[in-house]
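Biologist: I would like to learn how to read a few features of a protein model. Could we take them one at a time?

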Amino acid sequence: MSDIDHKVLGQAAAILESGGLVAFPTETVYGLGADAENPAAVARIYAAKGRPNDHPVIVHVAPGADLDYWVTDIPEVARRLVDAFWPGPLTLILKRHPRIPDAVSGGQDTVGLRCPSHPVAIALLSAFKGGKGGVAAPSANKFGNVSPTTAQHVRDEFGPDVLDAAGMAETAAHAVAAMITARMDDPDAKVFDTARSLRVAVLDGGSSQVGIESTILDLSRLATHGPVLLRPGHIGAQDICDVIGVMPNLPDQSAPRASGTLESHYAPKAPVALVDAGQLPDVLARLAARGHKAAVIHYCDNGALPAGAFAAHQHMPSDAPGYAYGLYAALRAMDQSDAQLILVEAPPQTDAWLGVNDRLRRAAFGATGLVGRLLQG
């Protein structure tokens, strides 16, 4: 949707209002959206993704949204951060207003709010309930998988359950009917027969510009814990400090649960292993000598890699924003090779790379020690 088709967006908004699911682009990744005030619709997100019910989702709102509708006890620093970074890739965790269903927060008394900056997302949120609604939307992929940064990634995740938005304007009535074929006798049911449910409409807005999920900042416990950075992202701790005058703290044991913070996450099917930059050529050569096929994501020169020692490779930009933009597409591309594992040249360990390193650490969590075992076996 290079040019925003407002008729298609109107139909997408109607699908959301009917309790259906719409995948839409944001500047970070594509989100799988449902009406945040409809517990049955939110339950469809969890079912479609295979997401644990206690893992919260983020509520996306239009520019100028009334925060007091969604949360209580809004601290002054929250409004400063909204003024500085919204629309943009910053999610704020605040105390959920009692009128907002706890389905979006995994049963917690907090809720994550964000206003995305992608023009298609803004147009959809502005059309949905006249700009006064909220769209609950985690990333539009099966739970734990690599997040999608294009509409094709969403199609790859959900296969025949995806309905392209390009045809929605002409077949809106059929689309809405298809979206909600899984209505149960109990419309408020948290669990339903997924075999009879869920089609996903996808709005194609091109590639996400940032490429990794939003920064998540907890402001729900300022008096006792101060601001807490639950998930790093494009907006860094120093950026936040420059606005509110204090550096965010690291997560603690009592911090609210938040999207994308499980130890194993963002993972392709092939195991991922991080390798120090200076060791990558040697590790590749030794794995190849033992008959192990690896795909490689790297930012060193192509000439530094031993010829014929890898199944596929993706050269990445050497700057953090450029690397983040291409990270998930690279993981997906390498996963489509016939490699047994994906080796990633470890990025620099500086503040600018916190978001990238966080995603790579979680993607590689399940493969700790794998390279050593392969080289010894």
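This is a predicted model: local features need pLDDT of at least 70, side-chain atom pairs count only at pLDDT 80 or more; totals for chains, interfaces and linings use all residues.

Biologist: Let us begin with the helix. Which residues of helix 6 are buried?

Modeller: A residue counts as buried when its relative accessible area is under 20%. In helix 6, which spans residues 151-158, the buried ones are Ala151, His153, Val154, Glu157 and Phe158.

Biologist: What comes just after helix 6?

Modeller: Glycine 159 does, with a positive phi of about 55°.

Biologist: Now the salt bridges. How many does a search of the whole structure find?

Modeller: The search finds 17. For each pair, look at the N to O distance, then at the places in the chain, then at burial. Arginine 114 and glutamate 27 form one of these bridges, with their closest N and O atoms 2.6 Å apart. This pair links distant parts of the chain, 87 residues apart: arginine 114 is in strand 6 (residues 110-114), and glutamate 27 is in the loop between strand 1 and strand 2.

Biologist: Is arginine 114 buried or exposed, and what of glutamate 27?

Modeller: Arginine 114 counts as buried because its relative accessibility is 1%. Glutamate 27, at 3%, counts as buried too.

Biologist: Which residue forms a salt bridge with lysine 129?

Modeller: Aspartate 35 does, and the closest N and O atoms are 3.0 Å apart. Lysine 129 lies in the loop between helix 5 (119-127) and strand 7 (134-136) and aspartate 35 in strand 2, so the bridge ties together parts 94 residues apart in sequence.

Biologist: Which residues are linked in a network of salt bridges?

Modeller: The network consists of Glu213, Glu263, Asp358, Arg359, Arg361 and Arg362. Aspartate 358 and arginine 359 themselves meet in a salt bridge of 3.1 Å, N to O. Aspartate 358 is buried, with a relative accessible area of 7%, and arginine 359 is buried at 1%.

Biologist: What should I check for glutamate 345, which is buried yet has no salt bridge?

Modeller: Check the opposite charges, then the polar atoms, then the contacts. Glutamate 345 is in strand 15 (residues 341-345), and the nearest side chain of opposite charge, arginine 286, is 16 Å away. A polar atom of the glutamate 345 side chain lies 2.8 Å from the backbone nitrogen of tyrosine 299. Beyond four places in sequence, glutamate 345 touches Val275, Ala277, Leu280, Ile297, His298, Tyr299, Cys300 and Tyr323.

Biologist: Last, the nonpolar cores. How many residues has the largest one, and which have the most contacts inside it?

Modeller: It has 48 residues, and those with the most contacts inside it are Leu32, Leu81, Trp86, Leu90, Leu92, Val104 and Leu113. A second, separate core has 26 residues, among them Val146, Tyr323, Leu327 and Ala339.

Biologist: What does leucine 90 touch?

Modeller: Leaving out residues up to four places away in sequence, leucine 90 touches Leu81, Phe85, Leu113, Arg114, Ser214, Thr215, Leu217, Ile235 and Ile240.

Key:
Residues are numbered from 1 along each chain as its sequence is written. Side-chain values use heavy atoms; hydrogens and water are left out. Buried means under 20% relative accessible area, exposed over 50%, partly exposed in between (1.4 Å probe, protein chains only). Helices (H or I, at least four residues) and strands (E, at least two) are DSSP runs, numbered from the N terminus. Lys and Arg count as positive and Asp and Glu as negative; His and the chain ends are not counted. A salt bridge is a side-chain nitrogen of Lys or Arg within 4 Å of a carboxyl oxygen of Asp or Glu. A polar contact is a pair of N or O atoms within 3.5 Å; within protein, one must be able to donate a hydrogen and the other to accept it, and residues adjacent in sequence count only if both atoms are side-chain atoms. Contact means heavy atoms within 4.5 Å. A nonpolar core is a set of buried Ala, Val, Leu, Ile, Met, Phe, Trp, Tyr and Cys residues joined through side-chain atoms within 4.5 Å.
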